[in-house]
Amino acid sequence: MPRLEDHCWTCSCAPTEHSPSGANWVASKAEEMMTIITSVISNAYCSMHRGRAANLIRRGLVLFTVGVFLALVLNLLQIQRNVTLFPEEVMATLFSSAWWIPPCCGTGAAVVGLLYPCIDSHLGEPHKFKREWASVMRCIAVFVGINHASAKLDFDNNVQLSLTLAALSLGLWWTFDRSRSGFGLGITTAFLATVITQLLVYNGVYQYTSPDFLYVRSWLPCIFFSGGVTVGNIGRQLAMGGVEKPHND
(Lines give C-alpha, C1' and ligand atoms only; values in the text may rest on other atoms or scores of the structure.)
Protein backbone atom coordinates (compact mmCIF):
# COMPACT_ATOMS: atom_id res chain seq x y z
CA MET A 1 0.00 0.00 0.00
CA PRO A 2 2.72 2.53 0.79
CA ARG A 3 4.25 1.94 -2.58
CA LEU A 4 0.88 2.48 -4.27
CA GLU A 5 0.36 5.75 -2.37
CA ASP A 6 3.82 6.93 -3.32
CA HIS A 7 3.14 6.07 -6.93
CA CYS A 8 -0.20 7.91 -6.88
CA TRP A 9 1.29 11.03 -5.33
CA THR A 10 4.03 10.98 -7.91
CA CYS A 11 1.53 10.77 -10.77
CA SER A 12 -0.65 13.57 -9.40
CA CYS A 13 2.32 15.90 -9.03
CA ALA A 14 3.73 15.31 -12.51
CA PRO A 15 1.22 17.55 -14.42
CA THR A 16 1.66 20.29 -11.83
CA GLU A 17 5.36 20.56 -12.63
CA HIS A 18 4.81 20.92 -16.42
CA SER A 19 1.70 23.22 -16.42
CA PRO A 20 3.57 26.52 -15.83
CA SER A 21 5.82 25.97 -18.84
CA GLY A 22 2.79 25.20 -21.05
CA ALA A 23 1.07 28.41 -19.99
CA ASN A 24 4.18 30.41 -20.74
CA TRP A 25 4.42 28.83 -24.20
CA VAL A 26 0.78 29.72 -24.97
CA ALA A 27 1.30 33.28 -23.72
CA SER A 28 4.44 33.74 -25.83
CA LYS A 29 2.70 32.43 -28.95
CA ALA A 30 -0.31 34.71 -28.31
CA GLU A 31 2.00 37.69 -27.90
CA GLU A 32 3.82 36.76 -31.09
CA MET A 33 0.55 36.50 -33.01
CA MET A 34 -0.62 39.87 -31.66
CA THR A 35 2.66 41.43 -32.75
CA ILE A 36 2.26 40.02 -36.26
CA ILE A 37 -1.36 41.19 -36.52
CA THR A 38 -0.46 44.66 -35.27
CA SER A 39 2.41 44.87 -37.76
CA VAL A 40 0.18 43.79 -40.65
CA ILE A 41 -2.54 46.31 -39.73
CA SER A 42 0.02 49.09 -39.33
CA ASN A 43 1.63 48.34 -42.70
CA ALA A 44 -1.78 48.15 -44.38
CA TYR A 45 -2.81 51.50 -42.90
CA CYS A 46 0.45 53.17 -43.95
CA SER A 47 0.15 51.72 -47.44
CA MET A 48 -3.45 52.90 -47.72
CA HIS A 49 -2.50 56.37 -46.47
CA ARG A 50 0.35 56.58 -48.98
CA GLY A 51 -1.97 55.35 -51.73
CA ARG A 52 -4.57 58.02 -50.94
CA ALA A 53 -1.92 60.73 -50.84
CA ALA A 54 -0.48 59.59 -54.17
CA ASN A 55 -3.96 59.49 -55.71
CA LEU A 56 -4.69 63.00 -54.42
CA ILE A 57 -1.44 64.29 -55.93
CA ARG A 58 -2.17 62.65 -59.29
CA ARG A 59 -5.67 64.13 -59.41
CA GLY A 60 -4.31 67.55 -58.45
CA LEU A 61 -1.70 67.45 -61.21
CA VAL A 62 -4.29 66.48 -63.82
CA LEU A 63 -6.61 69.28 -62.71
CA PHE A 64 -3.71 71.77 -62.67
CA THR A 65 -2.79 70.79 -66.24
CA VAL A 66 -6.39 71.16 -67.40
CA GLY A 67 -6.63 74.58 -65.75
CA VAL A 68 -3.40 75.77 -67.38
CA PHE A 69 -4.50 74.59 -70.82
CA LEU A 70 -7.95 76.20 -70.59
CA ALA A 71 -6.44 79.44 -69.29
CA LEU A 72 -4.02 79.66 -72.24
CA VAL A 73 -6.68 78.97 -74.87
CA LEU A 74 -9.54 81.02 -73.41
CA ASN A 75 -7.42 83.98 -72.34
CA LEU A 76 -5.89 84.14 -75.81
CA LEU A 77 -9.41 84.29 -77.26
CA GLN A 78 -10.33 87.18 -74.95
CA ILE A 79 -7.18 89.09 -75.90
CA GLN A 80 -7.70 88.59 -79.64
CA ARG A 81 -11.21 90.05 -79.35
CA ASN A 82 -9.86 92.98 -77.30
CA VAL A 83 -11.99 92.03 -74.30
CA THR A 84 -8.98 92.16 -71.98
CA LEU A 85 -5.98 94.44 -72.36
CA PHE A 86 -2.48 93.83 -71.00
CA PRO A 87 0.56 96.10 -70.98
CA GLU A 88 2.63 96.11 -74.20
CA GLU A 89 5.56 94.23 -72.65
CA VAL A 90 3.21 91.39 -71.75
CA MET A 91 1.94 91.02 -75.32
CA ALA A 92 5.38 89.90 -76.53
CA THR A 93 5.47 86.89 -74.20
CA LEU A 94 4.38 83.32 -74.91
CA PHE A 95 0.77 83.03 -76.09
CA SER A 96 0.41 86.82 -75.65
CA SER A 97 -0.61 86.29 -72.04
CA ALA A 98 0.74 87.22 -68.64
CA TRP A 99 2.98 84.45 -67.29
CA TRP A 100 1.13 84.23 -63.98
CA ILE A 101 -2.34 83.60 -65.42
CA PRO A 102 -1.89 79.89 -66.40
CA PRO A 103 -0.38 78.77 -63.06
CA CYS A 104 -2.98 80.74 -61.09
CA CYS A 105 -5.82 79.23 -63.11
CA GLY A 106 -4.23 75.79 -62.80
CA THR A 107 -3.99 76.13 -59.03
CA GLY A 108 -7.58 77.31 -58.82
CA ALA A 109 -8.74 74.40 -60.98
CA ALA A 110 -6.89 71.92 -58.74
CA VAL A 111 -8.43 73.38 -55.57
CA VAL A 112 -11.98 73.50 -56.97
CA GLY A 113 -11.72 70.08 -58.60
CA LEU A 114 -10.50 68.46 -55.38
CA LEU A 115 -13.13 70.23 -53.27
CA TYR A 116 -16.13 68.96 -55.24
CA PRO A 117 -15.82 65.24 -54.32
CA CYS A 118 -14.82 66.18 -50.76
CA ILE A 119 -17.97 68.27 -50.29
CA ASP A 120 -20.07 65.49 -51.81
CA SER A 121 -18.60 63.02 -49.32
CA HIS A 122 -19.04 65.43 -46.41
CA LEU A 123 -22.70 66.03 -47.25
CA GLY A 124 -23.27 62.32 -47.74
CA GLU A 125 -24.60 62.93 -51.24
CA PRO A 126 -22.48 61.01 -53.73
CA HIS A 127 -22.90 62.55 -57.15
CA LYS A 128 -24.08 59.92 -59.65
CA PHE A 129 -25.72 62.06 -62.34
CA LYS A 130 -24.09 61.39 -65.72
CA ARG A 131 -20.90 59.97 -64.23
CA GLU A 132 -19.02 59.19 -67.42
CA TRP A 133 -16.10 60.72 -69.31
CA ALA A 134 -18.22 61.35 -72.41
CA SER A 135 -20.47 63.64 -70.35
CA VAL A 136 -17.43 65.41 -68.87
CA MET A 137 -15.99 66.07 -72.33
CA ARG A 138 -19.33 67.49 -73.50
CA CYS A 139 -19.36 69.73 -70.42
CA ILE A 140 -15.89 71.04 -71.32
CA ALA A 141 -17.03 71.71 -74.88
CA VAL A 142 -20.07 73.67 -73.67
CA PHE A 143 -17.88 75.70 -71.29
CA VAL A 144 -15.48 76.59 -74.10
CA GLY A 145 -18.51 77.53 -76.20
CA ILE A 146 -19.82 79.85 -73.47
CA ASN A 147 -16.44 81.55 -73.19
CA HIS A 148 -16.27 81.82 -76.97
CA ALA A 149 -19.74 83.39 -77.02
CA SER A 150 -18.67 86.01 -74.48
CA ALA A 151 -16.06 87.24 -76.95
CA LYS A 152 -17.88 86.70 -80.25
CA LEU A 153 -21.52 87.63 -79.67
CA ASP A 154 -22.46 91.24 -80.25
CA PHE A 155 -25.37 92.70 -78.28
CA ASP A 156 -26.64 96.24 -77.91
CA ASN A 157 -25.35 96.30 -74.32
CA ASN A 158 -23.50 94.09 -71.88
CA VAL A 159 -26.62 93.44 -69.82
CA GLN A 160 -28.22 91.43 -72.61
CA LEU A 161 -25.02 89.46 -73.10
CA SER A 162 -24.76 88.87 -69.36
CA LEU A 163 -28.32 87.54 -69.15
CA THR A 164 -27.69 85.24 -72.12
CA LEU A 165 -24.48 83.86 -70.62
CA ALA A 166 -26.16 83.48 -67.23
CA ALA A 167 -28.87 81.34 -68.84
CA LEU A 168 -26.26 79.27 -70.67
CA SER A 169 -24.26 78.77 -67.46
CA LEU A 170 -27.32 77.63 -65.53
CA GLY A 171 -28.16 75.35 -68.43
CA LEU A 172 -24.68 73.85 -68.21
CA TRP A 173 -25.13 73.17 -64.49
CA TRP A 174 -28.60 71.68 -65.01
CA THR A 175 -27.44 69.48 -67.89
CA PHE A 176 -24.23 68.11 -66.38
CA ASP A 177 -24.53 68.53 -62.60
CA ARG A 178 -27.89 69.26 -60.92
CA SER A 179 -26.43 68.94 -57.41
CA ARG A 180 -26.81 71.43 -54.56
CA SER A 181 -23.11 71.16 -53.74
CA GLY A 182 -22.20 71.84 -57.36
CA PHE A 183 -24.43 74.93 -57.50
CA GLY A 184 -23.13 76.24 -54.17
CA LEU A 185 -19.47 75.74 -55.05
CA GLY A 186 -20.07 77.25 -58.48
CA ILE A 187 -21.54 80.40 -56.90
CA THR A 188 -18.68 80.54 -54.38
CA THR A 189 -16.08 80.13 -57.13
CA ALA A 190 -17.72 82.85 -59.21
CA PHE A 191 -17.85 85.27 -56.27
CA LEU A 192 -14.24 84.75 -55.12
CA ALA A 193 -12.80 84.80 -58.64
CA THR A 194 -14.71 87.97 -59.51
CA VAL A 195 -13.48 89.73 -56.35
CA ILE A 196 -9.87 88.74 -57.11
CA THR A 197 -10.23 89.95 -60.70
CA GLN A 198 -11.69 93.26 -59.50
CA LEU A 199 -8.66 93.76 -57.25
CA LEU A 200 -6.22 92.93 -60.05
CA VAL A 201 -7.86 95.38 -62.45
CA TYR A 202 -8.11 98.03 -59.72
CA ASN A 203 -4.35 97.76 -59.15
CA GLY A 204 -3.63 98.16 -62.87
CA VAL A 205 -2.39 94.64 -63.58
CA TYR A 206 -4.67 94.54 -66.65
CA GLN A 207 -8.01 95.97 -67.70
CA TYR A 208 -11.29 95.21 -69.45
CA THR A 209 -12.70 97.18 -72.31
CA SER A 210 -16.16 98.70 -71.65
CA PRO A 211 -16.44 97.62 -67.99
CA ASP A 212 -19.99 97.79 -66.64
CA PHE A 213 -19.65 95.92 -63.35
CA LEU A 214 -17.23 98.10 -61.39
CA TYR A 215 -13.92 97.35 -63.16
CA VAL A 216 -14.90 94.24 -65.14
CA ARG A 217 -17.60 92.99 -67.50
CA SER A 218 -20.90 91.99 -65.92
CA TRP A 219 -20.84 88.57 -67.60
CA LEU A 220 -17.54 87.57 -65.99
CA PRO A 221 -19.17 85.81 -62.96
CA CYS A 222 -21.09 83.62 -65.42
CA ILE A 223 -17.81 82.45 -66.96
CA PHE A 224 -16.36 81.69 -63.54
CA PHE A 225 -19.53 79.84 -62.49
CA SER A 226 -19.57 77.59 -65.56
CA GLY A 227 -15.81 77.07 -65.23
CA GLY A 228 -16.22 75.96 -61.62
CA VAL A 229 -18.95 73.48 -62.55
CA THR A 230 -16.82 72.12 -65.41
CA VAL A 231 -13.71 71.65 -63.30
CA GLY A 232 -15.84 70.13 -60.54
CA ASN A 233 -17.17 67.51 -62.94
CA ILE A 234 -13.62 66.64 -63.96
CA GLY A 235 -12.59 66.36 -60.32
CA ARG A 236 -15.54 64.10 -59.51
CA GLN A 237 -14.78 61.81 -62.42
CA LEU A 238 -11.11 61.57 -61.43
CA ALA A 239 -12.13 60.76 -57.84
CA MET A 240 -14.01 57.71 -59.08
CA GLY A 241 -10.63 56.16 -59.88
CA GLY A 242 -11.55 54.69 -63.22
CA VAL A 243 -13.03 55.28 -66.61
CA GLU A 244 -16.61 54.20 -67.00
CA LYS A 245 -18.17 53.20 -70.27
CA PRO A 246 -20.59 55.82 -71.52
CA HIS A 247 -24.26 54.92 -71.34
CA ASN A 248 -26.27 54.84 -74.50
CA ASP A 249 -28.78 57.68 -74.74
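What we are looking at is a predicted model, in which local features need pLDDT of at least 70 and side-chain atom pairs count only at pLDDT 80 or more, while totals for chains, interfaces and linings use all residues. Residues are numbered from 1 along each chain as its sequence is written, and side-chain values use heavy atoms, with hydrogens and water left out.

N233 belongs to helix α7. Helices here are DSSP runs of H or I with at least four residues, strands are runs of E with at least two, and both are numbered from the N terminus. Setting aside residues up to four places away in sequence, N233 is in contact with R131, V136, C139, F176 and D177; contact means heavy atoms within 4.5 Å.

How far apart are the end C-alpha atoms of helix α7? They are 29 Å apart, which agrees with the 28 Å that 20 residues should span at 1.5 Å a residue. The expected span is 1.5 Å times one less than the number of residues in the helix.

I turn now to the chain as a whole. The protein chain has 7 helices and 2 strands, and along the sequence they follow the pattern α-β-α-α-α-α-α-β-α. Of the 249 residues in the protein chain, 35% are buried. Taking contacts between residues at least 6 apart in sequence, 76% join residues at least 24 apart.

The largest nonpolar core has 34 residues, and L63, L165 and L172 touch the most other members. By nonpolar core I mean a set of buried Ala, Val, Leu, Ile, Met, Phe, Trp, Tyr and Cys residues joined through side-chain atoms within 4.5 Å. At least two residues of this core come from each of α1 (2-80), α3 (101-123), α4 (133-152), α5, α6 and α7. Which helix gives the most to this core? It is α7, with 8 residues. As for L63, its contacts beyond four places in sequence are G106, A109, A110, G113, L114, V231, I234, G235 and L238.

Helix α6 (residues 180-202) contains T189. T189 counts as buried because its relative accessibility is 19%, under the 20% limit. Its side chain reaches the backbone oxygen of L185 at 2.7 Å. Beyond its neighbours within four places in sequence, T189 is in contact with V112, F224 and G228.

Let us consider the aromatic residues. A search of the whole structure finds 4 aromatic pairs. Rings of Phe, Tyr and Trp (its six-membered ring) pair if their centres lie within 6.5 Å; planes under 30 degrees apart count as stacked, over 60 as edge-to-face and the rest as tilted. W173 and W174 form a tilted pair, 6.0 Å centre to centre and with 55° between the planes. Is each of these two residues buried, or partly exposed? W173 counts as buried at 15% relative accessibility, whereas W174 is partly exposed at 48%. Ring pairs join W173, W174, F183 and F225 into a cluster.

On the cysteines, I can be brief. The structure holds 0 disulfides, a disulfide being a pair of cysteine sulfur atoms within 2.5 Å. C104 is in no disulfide, and its nearest cysteine sulfur, that of C105, is 6.9 Å away. C104 is partly exposed, with a relative accessible area of 49%; C118 is also partly exposed, at 44%.

Finally, two backbone details. Most residues other than glycine have a negative phi. R178, although not a glycine, has a positive phi of about 65°. R178 is found in the loop between α5 (158-176) and α6, and at 41% relative accessibility it counts as partly exposed. L214 is not a glycine either, and has a positive phi of about 60°. L214 lies in the loop between β2 (207-208) and α7. Is L214 buried or exposed? L214 is exposed, with a relative accessible area of 67%.

How values were computed. Buried means under 20% relative accessible area, exposed over 50%, partly exposed in between (1.4 Å probe, protein chains only). A polar contact is a pair of N or O atoms within 3.5 Å; within protein, one must be able to donate a hydrogen and the other to accept it, and residues adjacent in sequence count only if both atoms are side-chain atoms.
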